[in-house]
Each structure stands twice: as C-alpha cells, then as structure tokens.
Amino acid sequence: MAGKVRVGVIGLVHDHVWEILEQFRGLPNAEVTSAADVNEPLLSKVREEYGVERTYRRYDDLLEKEDIEAVLVYTENSRHADVTEAAAERGIHVMVEKPMAANLEQAQRMLDAARRYGTKLMINYPTAWFPAMRHAYVLAEEGRIGRVYMVRYRAAHEGPKEIGCSPYFYEWLYNAELNGAGAFMDYCCYGANMCRWILGVPEKATAMGGTYVRDYLTVEDNAILLMGYKRAMGVAEASWSQIGEGLPPRYTLILNGSEGVIAAGKDTFKIYTADSEDWRTLEAPPLEEGKRNGPEHFVTCIVEDQPFDSLLSPLYNRDAQAILEAGLISMREDRTVHLSELGIEG
C-alpha cells in the first residue's frame, strides 16, 4: 500500500480515544484525517488539540464523503455493530475499543460483516500492550509453570466518575443498554478475553454481581465471572469501588500452573517455580516492532495484509462476548450457563 493509511474516527465519547490519537501521531505510515461525533465540544477538541480538520456530526456523512481506508470506533459499545457494518460494506477496515460490543448478537453481526466483505476488524484491549502480560503468556506457552490450570484477572478502581472519567464517558458506562451492563461489562471483559486467549472457550460460566457501594448507580459496581473448563478454570473480577493501591491488586494477571505461578502487571512480573522454590521479580522484554500499541499493530496489519494477534481478533472476541453473555444470563437467572446454549462450542 503506497502512502499513508488514511484513518477516520467515529465516536469520541470513549475517553481512551485521546491516548489512541496520541499514538497515531507517532506513526509515519498513517494519518487521522477526519472525525465524527454528535457532541460539538468533542469535535472542537479533536480539531484544536489533534489537528483533525474535517469533522462531522453524523458518521454516515464521514463514511460517505471521506476517502479513508480505516476507521476507529470509539462510540458506546452498543453502536459498534452498526458502525462496523456500515464501514465494512464500504471496504473500510475497523478498530473498535474493547469490549467487542454490548451483547453477543451485536458481536456476531460484526464478525459476519468482516467475513462477508473481507475487511479487517480488530478489538483493541489496552492489556494487549502490557509487556509483562505478553511475556507471561509466552512463558506459560513454553511450559515454564507446567500445565496452566487457572487464569485470574482482576481489574479494579474507585469508579469511572471517581477516577476522573469525562461525563461523556461515564454516563454511557452507567447505562446497561449502551454499555451492556456495568462494571461487569467494563472490566470482566478483560478476563474473558484473556481466558479465551490462554485456555480457549470454556464449557460453562457462572457470575454474580451487584451495586454494593456506589448507590447512585442502576448497574452493578462489582462483579465476578467464573469460567469452567474440563481441566482448568478462569476468574474475572471487576470493581468500580476499590480504594487504594497494592492489595488487592488493581490490574493483575495470575497464571497458576502445575509447576509454578506467574503474577504479571504492566511491565514487571513475578514467577515462582517448583525448581526455584522462590519468587523472582523480572522485567519483561520490550514489545516487538509492529506490536507496541494498538494503532501500530492495526496499521501494520493493514499495510502488510497480515492477521491481527489472536487475542485482538473478531473470532476470539466474539467468543469472549459469548462468555460475557453467559455470565449475564447466569446473574439474571441465578444458574450456571453452558456456552453450548448460546451456540458456542469449545
């Protein structure tokens, strides 16, 4: 592909978009040319602070008028499918921010659209660019801790409003229809994604959650999702009410194996193996070129016509969405839900 990849942005109400735009500034082979959002203050910000001159109030107008090869979707979760379908129909590649959608039906539509039109679809997870978590996976694949039988990921903070998210962001996070749930969708999605990546599709899921601390919410502020496999289990924890750093951890991946355990954060990780009989704290090696952040990987795979890493792929994330859907049914009906009930087989 000659020249720079021309990229549009649809939706500015997900606060992660501003870091993503900063990362695009550092790419020599891509250019963000246009943006669409219904909120004029956000369009003003993208023009004034990020130099994106052509802006629209309707995403249909952007897709119709702009000569772009790719689009970033930073809308509410429930709008990912509509935008992805409209872009794919025009042959435009898509990157959406995690999770894939607000529900399984929407995620399936996105997977189907990418397959039907032969376009690329990447679901961006910030944790995909944590060197320690990447390296933990590599060591587990190499057998450094034996057979992995438990994967646990905890994501926690004081709450979207409490940590300073913009009202544009937290107002839809607090809306079950737009987000898909509350803290469960926002944060258990990480664990579902990682368990799909490391362990595969589970046989069953059980979840519980509720509004335990943030009484002003109509969605759950804490949740836990359990994923059952034949010889393993996964745990995804979510909290919008955790106070303080340290223990319990805010963002930590723990892999338990038959011969050891790995606890990974962003850059450093600890490993304990049966032969060492001691904890070692190690620095993860830097990420390789083309896989250092979401924009770089997205553009590299477009330019080189390569598939995305599996944990970012539409298939894996459709499966992760099915795990989340099973969890929501479990909470609603107070029972364990088998993935086969949703048409998903391991």
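In what order do the strands of the open sheet of nine strands stand? The order is E14-E13-E12-E11-E7-E10-E9-E8-E15. The model is predicted; local features need pLDDT of at least 70, side-chain atom pairs count only at pLDDT 80 or more, and totals for chains, interfaces and linings use all residues. Residues are numbered from 1 along each chain as its sequence is written, and side-chain values use heavy atoms, with hydrogens and water left out.

**View 1. The open sheet has nine strands with mixed pairing.** Helices (H or I, at least four residues) and strands (E, at least two) are DSSP runs, numbered from the N terminus. Two strands pair if DSSP finds at least two bridges between them. In general, strands of a sheet pair through backbone hydrogen bonds, either parallel or antiparallel. Strand E14 (279-283) and strand E15 (337-338) stand at the edges of this sheet. Each has a single partner strand, so one side of each is left without a neighbour in the sheet.

**View 2. Strands E8 and E9 pair in the antiparallel sense.** E8 covers residues 204-210 and E9 covers residues 222-228. Seven bridges join the two. Glycine 210 stands opposite asparagine 222 in E9.

**View 3. Strand E12 forms a hairpin with E11 and another with E13.** E12 spans residues 260-264. E11 (residues 251-257) runs antiparallel to E12, with five bridges. Two residues lie between E11 and E12. Strand E13 (residues 268-273) is also antiparallel to E12, again over five bridges. Here three residues lie between the strands. Valine 261 in E12 is the bridge partner of asparagine 256. Valine 261 also has a bridge partner in E13, tyrosine 272.

**View 4. The largest pocket holds about 580 Å³ of space.** Pockets and cavities are found on a 1 Å grid over the protein atoms alone. A cavity is a set of points where a 1.4 Å probe fits but cannot get out; a pocket is an open set with protein on both sides within 12 Å along at least five of seven lines. Lining residues have an atom within 4 Å of a point. Grid points are joined across faces, edges and corners, and a volume is the space filled by probe spheres set on the points. The lining of the largest pocket has 26 residues. His16, Glu19, Pro126, Phe130 and Tyr190 lie nearest the centre. Helix H1 (16-25), strand E7 (148-156), helix H7 (167-173) and helix H9 (183-198) each supply at least two lining residues. H1 gives the most, with four. The lining divides into 14 nonpolar, seven polar and five charged residues. Ala, Val, Leu, Ile, Met, Phe, Trp, Tyr, Cys and Pro count as nonpolar, Asp, Glu, Lys and Arg as charged, and the others, Gly among them, as polar.

**View 5. The second largest pocket holds about 210 Å³ of space.** Twelve residues line this pocket, and Pro249, Tyr251, Thr252, Ala264 and Gly265 are the closest to its centre. E11 and E12 are the elements that give two or more residues to the lining. E11 supplies the largest share, three residues. Eight lining residues are nonpolar, two polar and two charged.

**View 6. The structure holds twelve aromatic pairs.** Rings of Phe, Tyr and Trp (its six-membered ring) pair if their centres lie within 6.5 Å; planes under 30 degrees apart count as stacked, over 60 as edge-to-face and the rest as tilted. Tyrosine 137 and tryptophan 197 have ring centres 4.0 Å apart and planes at 20°, so the pair is stacked. Tyrosine 137 lies in helix H6 (residues 131-141) and tryptophan 197 in helix H9, so the pair ties together parts that are 60 residues apart in sequence. Both tyrosine 137 and tryptophan 197 are buried. Tyrosine 174 and tryptophan 240 have ring centres 5.6 Å apart and planes at 65°, so this pair is edge-to-face. Tyrosine 174 and tryptophan 240 are buried too. Ring pairs also link Tyr125, Tyr153, Tyr187, Tyr190 and Tyr251 into a cluster.

**View 7. The structure has zero disulfides (pairs of cysteine sulfur atoms within 2.5 Å).** For cysteine 188, the nearest cysteine sulfur is that of cysteine 189, 8.1 Å away. For cysteine 195, the nearest is that of cysteine 188, 10 Å away. Cysteine 188 is buried, at 0% relative accessibility. Cysteine 195 is buried, at 0% as well.

Notes:
Buried means under 20% relative accessible area, exposed over 50%, partly exposed in between (1.4 Å probe, protein chains only).
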